[in-house]
Amino acid sequence: MSKGFRIHASTGIHRGDRDYQQDQVCLLHHPRQTGCLLAVVADGMGGRSGGRKASDQVMLTARQLFERFDPETDDSGALLRQIVEESHLVIKLTAVSAEQEPHSTIAAFLINPGGDSHWVHAGDSRIYHFRHGKLLFRTMDHSYVQTLVNQGEISEEEALDHPHSNILMGCLGTDNDPPVDIHVVDRLQPGDAIMACSDGVWHYFTPDELASTIAMLTPREACEFLIQKARTRAKGMGDNLSLAIVRVDPLG
């Protein structure tokens, strides 16, 4: 893919109206392979030290495993699964010294030099795939309200204001094994964009708004715009915000 396309990417992060930042985001370029990158968003929970320790651990684990990853010979899905499982284990071990039980979501996507993309998520941080300003696919949250939506009991719009919208059915650091949902895009095309973000971002936008913003602006501009607009719409009650956007553009 790297011969015929150009990848533009950016990240954004903001504390929102919270007292401290528990989100973390990173965009990693492979140290040995051009055109291979990994984006990770982690939304930490569990008190000031607990949530930050949890999201920090996701970032550290992702960096370490990605550095050892060989896109030509290694299994991409296995890498993402290992990031989730190892992060989960270490977060549980840090619970002893944290103020509260540390938990974290994860939304991570890998893009290989051949143009295939592999995703993993746990919790309510999301990954979106857009093509020419239209939503193709997004991950389904591991949350109580998403279960209600899936069962047809409430609409997507009603889910945003549901009193139990913060209840997760699965994430990293809990007593139970985390969900490991893998999604594969066989080949990205010019005009495609992928965004990973925490709920502090997606909560304030429709899929059409996200799609058009990412289509019209550069990834850096889109990150800045979405954070600013989410801050406005939160009206002083906003969560931490984090996002990573990667767009595939044709050469020339």
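The largest nonpolar core of this predicted model has 25 residues, and Leu-38, Val-40, Val-58, Phe-66, Ile-83, Ile-106 and Leu-110 touch the most other members. A nonpolar core here is a set of buried Ala, Val, Leu, Ile, Met, Phe, Trp, Tyr and Cys residues joined through side-chain atoms within 4.5 Å. Buried means under 20% relative accessible area, exposed over 50%, and partly exposed in between, with a 1.4 Å probe and protein chains only. In soluble globular proteins, nonpolar side chains tend to be buried together.

**The cores**

- A second, separate core has 21 residues, including Ile-214, Cys-223, Ile-227 and Ala-230.
- Setting aside residues up to four places away in sequence, Ile-106 touches Val-40, Val-41, Val-58, Ile-83, Val-84, Val-120, His-121, Ala-122, Ser-125 and Leu-172; contact means heavy atoms within 4.5 Å.

**Ser-125**

- You will find Ser-125 in the loop between β6 and β7 (126–131), where Ser-125 is buried at 0% relative accessible area.
- Its side chain makes a polar contact of 2.6 Å with the side chain of Thr-105.
- A polar contact is a pair of N or O atoms within 3.5 Å; within protein, one must be able to donate a hydrogen and the other to accept it, and residues adjacent in sequence count only if both atoms are side-chain atoms.
- Beyond four places in sequence, the contacts of Ser-125 include Val-41, Asp-43, Ala-107, Thr-139, Cys-197 and Ser-198.

**Aromatic rings**

- The whole structure holds 3 aromatic pairs; rings of Phe, Tyr and Trp (its six-membered ring) pair if their centres lie within 6.5 Å, with planes under 30 degrees apart stacked, over 60 edge-to-face and the rest tilted.
- Trp-119 and Phe-137 make a tilted pair, 5.8 Å centre to centre with 55° between the planes.
- Trp-119 is in strand β6 and Phe-137 in strand β8 (residues 134–138), so this pair ties together parts 18 residues apart in sequence.
- Trp-119 is buried at 1% relative accessible area, whereas Phe-137 is partly exposed at 34%.
- Tyr-128 and Phe-130 are stacked, 5.7 Å centre to centre with 5° between the planes, and both are buried.
- Arg-126 lies over the face of Trp-202, 3.4 Å from the ring centre (NZ of Lys or CZ of Arg within 6 Å of the ring centre and within 35 degrees of the ring normal).

**Reading the values**

- Residues are numbered from 1 along each chain as its sequence is written, and side-chain values use heavy atoms, leaving out hydrogens and water.
- Local features need pLDDT of at least 70 and side-chain atom pairs count only at pLDDT 80 or more, while totals for chains, interfaces and linings use all residues.

Technical notes: Helices (H or I, at least four residues) and strands (E, at least two) are DSSP runs, numbered from the N terminus.
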